[in-house]
Amino acid sequence: MTDWFVRNVVDTGRLRLFCFLVAFIGAFLFIRFSVRMIRAEVKWWPKNVTPGGLHIHHVVFGLVFMMIGGVGGLSVQSERSLWAALAALLFGIGAALVMDEFALVLHLEDVYWSERGRLSVDAVFLAVALTSLALIGIKPLGLDEAVAPEGTDPRTVAWILTGVALANLAFALIALAKGKVWTGLLGVFIPTLAVLGAVRLARPHSPWARARYPEGTRKLRVAQERETKFRVPQMRAKAAVQELLAGHFGSAPTKRDDAVPPDDDHTPRHPNSP
C-alpha cells in the first residue's frame, strides 16, 4: 500500500491534491454531523459561534482557512514537503466549509435546510467527483487520449491537442445547455460522457429545449415523458442519499445552526410587526 501511494500519488506530484481531497471529504462529513447535532439540540455538543449575538456562519471560517491554506501553499516551493501537505489540508477544510453553504452564498439568504439547500450537497458531490478524477490522473478535455503519430512536428501536435480540447469542450457545453449538469461537467474529464450528453435529447426545461423544442412538438413531448419516467425516480434516490449524509431538508428546525440572531435592542416584537 505504501509503495502504491508513493508511486501513484507522491511521485506523480499529486500529494497536495490527495491531501486536499481527504481534508475536503473529512471536513464536509464533520460539519454536516455538527450542524445536525446542533439542529437536534444535543446538550453536550458545542453550539453556534455567536459573539455579541451575531451568528458567524461556517462559510466565514472556510474563507479564512482557504486564504491561509492557499497563500501558504503558494509560498511553499517543494510539492513533497510537509508544509505543502499541511497547506493543502487547510485549503481542503476551508473549501468544504464554503461549499457546504454554497446555496446560502448563491441566494444570499438562509436556505440551508430548505429544498434549495440541496444545491450545496450537489456542489460538494460534484467537487469530490471532479477532484477524484484529477487525482487518478485523468486529464480534462481528453488531452490524455489525444495521440499523434511518432515523429509528428511539434506544431502539428499542438494543433491536434487544441482541436481535441475544443471539440470535447464543445460537447460538454452542449450537454450543459441541455440541462445535463453532471454529464457535462464530468464530460470535461471523460469525453465519452460529454458526447452522449450532447447527442441525447435535452431536458424539457433546459435552455436548449426552450430554444429548439417549440410547444407541442414531438421532441418536447418525449423529453417531458422521459423526465417523468426516469428523472423523477433518479432525483428521489439522490435525495435519499443526500438526506442520509446531510440531514433532512424541507422542514424548519427549531434551532438552526445558522439561526437569525435577535435584534440588537432585544425589544420584543409582535409577530405581525415590521
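1. Let's start with K238: this lysine is partly exposed, with a relative accessible area of 25%. Bear in mind throughout that the model is predicted. The side chain of K238 meets that of D122 in a salt bridge, 3.2 Å from N to O. D122 comes out at 18% relative accessibility, so it counts as buried, since the cut-off for buried is under 20%.

2. There are seven salt bridges in the structure. Another one pairs R118 with E115, whose closest N and O atoms are 2.8 Å apart. R118 is buried, at a relative accessible area of 13%, while E115 counts as partly exposed at 47%. Shared partners join E115, R118 and E243 into one salt-bridge network.

3. R32 is worth a look for two contacts. Its side chain meets D100 in a salt bridge of 2.7 Å, N to O. Here too the pair links distant parts of the chain: D100 belongs to helix α4 (residues 82-100) and R32 to helix α2, 68 residues apart. Both D100 and R32 are buried. The charged end of R32 also sits over the ring of W113, 5.8 Å from its centre.

4. What about aromatic pairs? The structure has seven of them. In one, the rings of W44 and W45 have centres 5.8 Å apart and planes at 80°, so the pair is edge-to-face. Is each of these two buried or exposed? W44 counts as exposed at 63% relative accessibility, whereas W45 counts as buried at 16%. Ring pairs also link W44 and W45 with F30 and F33 in a cluster.

5. W113 turns up again in a pair with F249: the ring centres are 6.0 Å apart and the planes are at 50°, so this one is tilted. It spans distant parts of the chain, 136 residues apart, with W113 in the loop between α5 (102-107) and α6 (118-135) and F249 in the segment after α11 (218-246). W113 and F249 are both buried.

6. Another charge-over-ring contact to check is K178, which lies over the face of W208 at 5.0 Å from the ring centre.

7. Finally, helix α2 (residues 15-39). After α2 comes E41, which has a positive phi, near 60°.

Key: Residues are numbered from 1 along each chain as its sequence is written. This is a predicted model: local features need pLDDT of at least 70, side-chain atom pairs count only at pLDDT 80 or more; totals for chains, interfaces and linings use all residues. Side-chain values use heavy atoms; hydrogens and water are left out. Helices (H or I, at least four residues) and strands (E, at least two) are DSSP runs, numbered from the N terminus. Rings of Phe, Tyr and Trp (its six-membered ring) pair if their centres lie within 6.5 Å; planes under 30 degrees apart count as stacked, over 60 as edge-to-face and the rest as tilted. Buried means under 20% relative accessible area, exposed over 50%, partly exposed in between (1.4 Å probe, protein chains only). A charge sits over a ring if NZ of Lys or CZ of Arg is within 6 Å of the ring centre and within 35 degrees of the ring normal. A salt bridge is a side-chain nitrogen of Lys or Arg within 4 Å of a carboxyl oxygen of Asp or Glu.
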